[in-house]
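This report describes a pair of protein chains by their helices, their interface and their charged contacts. The sequence and the coordinates are shown first.

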Amino acid sequence: MSRTADPARKRYTKRLAVLMTLYLVFLFLAVRTYNVDGGGVDGALAWAIAILPALPVIGVFWAILAMIVETTDEYQRLKLVKQTLIAAGFALSVMTVLGFLANFGLIAPVDGFWSLILFFFGVGIGSCVTAFAERRADRAAGDAV
Amino acid sequence: MKNRLKVLRAERGWSQADLAERLAVSRQSVNAIETGRYDPSLPLAFAIADIFGLTIEEVFLRG
């Protein structure tokens, strides 16, 4: 990611902090409700409580999209798009391989939300790939300063 | 796309960071454009040309 203090990046960091806080609160509430009051929750309410922790995570995808849209530096915006595509490609590729391995009985079925963890891991890979490419170009340019 | 950014900067004694500040973009952006790794949009190309007081054709080269 960019080393510049882009306002879009700052907004993303703030949004991420709020969403992750909500995630922890919702997850705590959902787990507590199911563990303690599980017997008394069913029907639509059970579905709503189970889905609750997913909402802030979906919000993170929105925050990433908003950061891309709000980034005014077009080259940095392109880098963010590349990183996001690398992350999505990585997550989908790994999940596809795991899906087939599970289909043929070689591994146990994989929970779908692993794709989320793989996506965020992929964001890290994407950042490393673009940073490495940039550093190499900097060295080639010579007078980067 | 080939360009004369490096020469034009040198003539004015500007670093990539100086040019980046004038364009309100990151230094990495200037480096990417200068080394031909990234072709700027038309508005950014106009902004670059304006800063040097030249036309786009005098900054960016065909071929």
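## Burial and overall make-up of chain A

What percentage of the 145 residues in chain A do buried residues make up? Buried residues account for 30% of them, where buried means under 20% relative accessible area, exposed over 50%, and partly exposed in between, computed with a 1.4 Å probe on protein chains only. The model is predicted: local features need pLDDT of at least 70 and side-chain atom pairs count only at pLDDT 80 or more, while totals for chains, interfaces and linings use all residues. Residues are numbered from 1 along each chain as its sequence is written, chains are lettered from A and ligands numbered from 1 in the order in which they are written, and side-chain values use heavy atoms, with hydrogens and water left out.

Chain A has five helices and zero strands; helices (H or I, at least four residues) and strands (E, at least two) are DSSP runs, numbered from the N terminus. The order of elements from the N terminus on is therefore written α-α-α-α-α under that numbering. Contact means heavy atoms within 4.5 Å. Of the contacts in chain A between residues at least 6 apart in sequence, 69% join residues at least 24 apart.

## Helix α4 of chain A

Helix α4 of chain A covers residues 74-103. Its 30 residues should span 44 Å at 1.5 Å a residue, and the end C-alpha atoms are 43 Å apart, which agrees; the expected span is 1.5 Å times one less than the number of residues. Just after the helix, G105(A) takes a positive phi of about 75°.

The buried residues in α4(A) are E74(A), Y75(A), Q76(A), K79(A), L80(A), Q83(A), A87(A), A91(A) and M95(A). An α-helix has 3.6 residues a turn, so residues three or four places apart point the same way.

## The interface between chains A and B

Chain A and chain B bury about 1400 Å² between them, 45% of it on carbon and sulfur atoms. Buried area is the accessible area (1.4 Å probe) that two parts lose on being put together, summed over both. Chain A contributes 14 residues to the contact and chain B contributes 18 residues. Six residue pairs, both members at pLDDT 80 or more, are in polar contact between the two chains. A polar contact is a pair of N or O atoms within 3.5 Å; within protein, one must be able to donate a hydrogen and the other to accept it, and residues adjacent in sequence count only if both atoms are side-chain atoms.

On the side of chain A that touches chain B, α4 and α5 (114-141) each supply at least two residues. By class, that side has six nonpolar, two polar and six charged residues. Here Ala, Val, Leu, Ile, Met, Phe, Trp, Tyr, Cys and Pro count as nonpolar, Asp, Glu, Lys and Arg as charged, and the others, Gly among them, as polar.

E74(A), found in helix α4 of chain A, is buried, with a relative accessible area of 13%. Residues up to four places away in sequence aside, E74(A) touches Y38(B), P40(B), S41(B) and L44(B). The side chains of E74(A) and Y38(B) make a polar contact of 2.8 Å.

In chain B, Q16(B) lies in helix α2 (residues 16-23). Q16(B) is buried, with a relative accessible area of 0%, and its side chain is joined to that of N31(B) by a polar contact of 3.1 Å.

## Salt bridges

The structure holds five salt bridges over all chains. R11(A) forms one with E70(A), the closest N and O atoms being 2.9 Å apart. This pair links distant parts of the chain, with R11(A) in helix α1 (residues 7-36) and E70(A) in helix α3 (residues 54-70), 59 residues apart. R11(A) is partly exposed at 35% relative accessibility, and E70(A) is partly exposed at 26%.

E70(A) also forms a salt bridge with R15(A), the closest N and O atoms being 3.2 Å apart. R15(A) is in helix α1, 55 residues from E70(A) in helix α3. In chain B, R12(B) pairs with E11(B) in a salt bridge whose closest N and O atoms are 3.5 Å apart; R12(B) is partly exposed at 32% relative accessibility, whereas E11(B) is exposed at 54%. Salt bridges that share partners join R11(A), R15(A) and E70(A) into one network.

Technical notes: A salt bridge is a side-chain nitrogen of Lys or Arg within 4 Å of a carboxyl oxygen of Asp or Glu.
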